[in-house]
Amino acid sequence: MSKLERWQLDQRSGQPLEIKEQLTLARIKAYYEKLDGQVYVSFSGGKDSTVLLDLVRRLYPDVPAVFVDTGLEYPEIREFVKTIPNVTWLKPKIPFTQVIEKYGYPVVSKEVAQKISEIRTTGSDKLRRKRLDGDAAGNGKLAEKWKFLVDAPFKISHKCCWAMKKEPAQRYERETGRAPIVGTMASDSSSRLISYLRHGCNSFEGRVMSTPMAFWLEADVWNYLKTHNVPYSSIYDMGYTRTGCMFCMFGAHLEKVDRFQLMAKTHPKIYKYCMDTLGMCEILAYIRK
């Protein structure tokens with residue numbers, strides 16, 4: 001059962017920035033006090049988490065930020081993170097090369113990659129049939145347009161994000177007892193929209209987590225950075241709109257400006273490694289055929 005209705009999200013998303021700031025600060029305060037200050041900011045170095053960290057430290061200057069150094073960040077992101085005080089750097093247990101060798105490549109989306117992986121590897125005939133044909137109501141199936149990837153000559157998996165980012169963060173949480181504050185927004189994806197409607201900004205069921213900017217829009221983030229004169233990574237001044245892992249192919253097929261072609265211009269050595277050494281040239285060609 002959802003905690004919130006869609007109209008409530010639409011109402012909050014339509015508020016001016018000043019109101020959104022106050023709503024977000026109130027949610028941060030409630031979360032912090034509920035957990036007696038045992039919190040941290042999940043900090044990627046991107047614009048969203050940069051705004052989040054500024055908001056949190058307006059209230060609580062000593063809250064630590066945590067950056068997962070996957071080795072997949074743009075150099076400009078890493079250099080920016082180095083300028084921020086009180087940041088703990090974490091490392092994944094295995095590098096990306098071993099992740100794609102063990103699990104597979106992250107292609108199309110987490111949902112599509114997971115369904116393809118399950119079709120290929122599950123020992124359950126029931127789950128395989130559900131992923132291929134859907135349940136009685138037609139839900140849970142892999143979209144027809146992506147079924148050709150079931151026979152792709154390379155591994156496909158959704159587990160990259162878990163191995164490279166989520167596992168190190170959850171390990172940090174176990175070791176410190178701190179709970180995360182994350183800068184994700186409902187407008188980012190359908191899964192984040194569903195999560196917000198189900199849990200609201202502060203969730204204390206299951207994995208404890210706060211997403212106090214969930215009702216913000218991308219325009220609000222840029223407005224905040226400019227209004228409050230908050231420094232951000234120079235990667236955004238190079239034409240990039242997303243600054244996640246450099247080698248991630250999730251969503252690449254939807255882009256008007258191809259992230260990898262942009263990489264070829266701004267980071268030619270990294271592009272060559274990505275295409276040739278990691279074999280992504282053939283992967284992308286297969287997906288786009």
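Trp89 is partly exposed, with 32% of relative accessible area; that label sits between buried (under 20%) and exposed (over 50%), using a 1.4 Å probe on protein chains only. This is a predicted model, where local features need pLDDT of at least 70, side-chain atom pairs count only at pLDDT 80 or more, and totals for chains, interfaces and linings use all residues. Residues are numbered from 1 along each chain as its sequence is written, and side-chain values use heavy atoms, leaving out hydrogens and water.

Trp89 has an aromatic partner, Phe67, which is buried at 1% relative accessibility. Phe67 lies in strand E2 and Trp89 in strand E3 (residues 87-90), so their pair ties together parts 22 residues apart in sequence. Strands (E, at least two residues) and helices (H or I, at least four) are DSSP runs, numbered from the N terminus.

Altogether, the structure holds 16 aromatic pairs. To pair, rings of Phe, Tyr and Trp (its six-membered ring) need centres within 6.5 Å; planes under 30 degrees apart are stacked, over 60 edge-to-face, and the rest tilted. Here are two of the pairs:

| Pair | Centre to centre | Angle of planes | Type |
|---|---|---|---|
| Tyr32 and Tyr60 | 3.5 Å | 5° | stacked |
| Phe67 and Trp89 | 4.7 Å | 70° | edge-to-face |

Tyr32 lies in helix H2, while Tyr60 is in the loop between helix H3 (47-59) and strand E2 (65-68), so this pair ties together parts 28 residues apart in sequence. Tyr32 is partly exposed at 23% relative accessible area, whereas Tyr60, at 16%, counts as buried.

There's also an aromatic cluster, made up of Tyr105, Trp146, Phe148, Phe154 and Tyr286.
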